[in-house]
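I opened this notebook to record what I looked up in the structure. The entries follow the order in which I consulted it.

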Amino acid sequence: MHFSRVPRAVLILLLLPVSLIAQTTQHDQAFWQAIAKNHYAVPANQSVAALAHELSQLLGSPDPQLRDDLAYSIFANWIARPNVLQPSELQALADQWRGNLKSGIGESGTNSVLKRSFSALCLSMIAERDAKTPFLGEARYHQLVTDALTYLQSERDLRGYDAKLGWIHANAHTADLLQALAANSLLTKEEESSILSAIGTRLSSAPQVYTQGEQDRMAAAVLAVIRRPSFDATAFDNWLTQLQDEDKRAWANPLTPETLARYQNHTYFLQALAVRLSLEPESPRIAEFKSRVLGILRTR
């Protein structure tokens with residue numbers, strides 16, 4: 001390219017760092033607020049795919065209004081509506097958000113959790129739509145199950161709400177994702193067991209008591225698994241027995257804050273699951289599940 005033939009304005013743009021160019025093409029907060037106020041309609045003469053890609057960058061924003069009130073809310077509406085984002089665009093978003101689950105994994109107390117957590121939340125909407133109108137395909141679906149399970153067990157930042165950052169809620173958002181995935185007919189019996197195992201591990205490994213409703217969101221995910229017609233009741237019974245055995249071992253040794261936190265998380269989880277089972281349509285199968293959970297709670 002001969003720079004002498006390039007207009008000065010274009011030459012300046014070409015010489016700018018790529019990151020700075022990206023910043024100059026970003027829409028401001030008022031643009032996204034206008035979309036929300038206009039019932040989340042895509043602005044005229046705008047590419048929804050390009051807007052979605054740009055909006056994804058806000059999922060890691062430390063500003064709760066940009067991240068939660070705008071980015072998440074806009075995606076929630078666009079994904080739920082059948083004629084906004086096309087299947088190929090949803091697949092691309094799913095691939096990007098799955099990758100985000102690994103970004104900064106292992107960190108705790110940093111802002112990197114925001115992108116991971118809100119990517120999981122947005123993936124839950126992808127999974128919910130796919131369960132109703134399939135578009136992911138088997139390979140992507142099963143990979144998403146694997147990545148969600150890995151993320152649930154790998155996340156170390158368990159903050160629920162922060163006065164400055166707003167909702168973080170990584171475990172709750174991942175439970176929402178697993179709940180949506182469990183509503184899909186593609187879920188295998190092995191994946192059913194893996195979901196229960198991962199949630200059990202997450203409940204047991206938390207060093208503190210969850211205080212922002214995480215146990216209830218995990219109970220909703222477990223309920224989505226056990227209400228499946230293919231689910232083996234024996235597997236559920238074995239899983240509950242393992243949970244109960246962990247708590248018996250905790251009381252058999254000198255109690256520590258960590259073991260008490262595990263016991264409390266198990267208790268609050270079982271209470272939430274018992275309530276959710278009570279709200280299900282009556283059936284011998286549900287009655288059996290509820291009886292088993294209540295039986296454990298009566299011993300506490």
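Entry 1. I took contact to mean heavy atoms within 4.5 Å. The model is a predicted one. With that cut-off I looked up Thr-267 and found that it touches Leu-297 and Arg-300, residues up to four places away in sequence not being counted.

Entry 2. I located Thr-267 in helix H13. I noted a relative accessible area of 9% for Thr-267, which is therefore buried, the limit being under 20%. I also checked Gly-60, which lies 207 residues from Thr-267 along the chain; their C-alpha atoms are separated by 33 Å.

Entry 3. I turned to helix H11, residues 214–226. Its 13 residues reach 19 Å from the first C-alpha to the last, close to the expected 18 Å. I recorded that H11 is mostly covered, with eleven of its 13 residues buried; among them are Glu-214, Met-218, Leu-223 and Ile-226.

Entry 4. Against which helices do the buried residues of H11 pack? I listed H9 (170–181), H10 (189–205), H12 (233–252), H13 (257–278) and H14 (284–297).

Entry 5. I examined the pair H10 and H11, whose axes are 10 Å apart at an angle of about 165°. The two helices are therefore roughly antiparallel to each other, as angles over 145 degrees count as such. I noted that H10 passes H11 in a left-handed crossing. On the H10 side the contact includes Glu-192, Ile-195 and Arg-202, and on the H11 side Gln-215, Met-218 and Val-225. I recorded the residues of this contact as eight nonpolar, one polar and two charged.

Technical notes. Residues numbered from 1 in each chain as written. Predicted model: local features only at pLDDT ≥ 70, side-chain atom pairs only at ≥ 80, totals over all residues. Heavy atoms only, no water. Helix = DSSP H or I, 4+ residues; strand = E, 2+ residues; numbered from the N terminus. Expected span 1.5 Å × (residues − 1). Buried < 20%, exposed > 50% of the residue type's maximum accessible area, 1.4 Å probe, protein only. Axes fitted to C-alpha atoms, helices over the stretch in contact; angles between N-to-C directions. Parallel < 35°, antiparallel > 145°, perpendicular 65-115°, else oblique. Left-handed = near helix turned anticlockwise from the far one by under 90°. Nonpolar A, V, L, I, M, F, W, Y, C, P; charged D, E, K, R; others polar.
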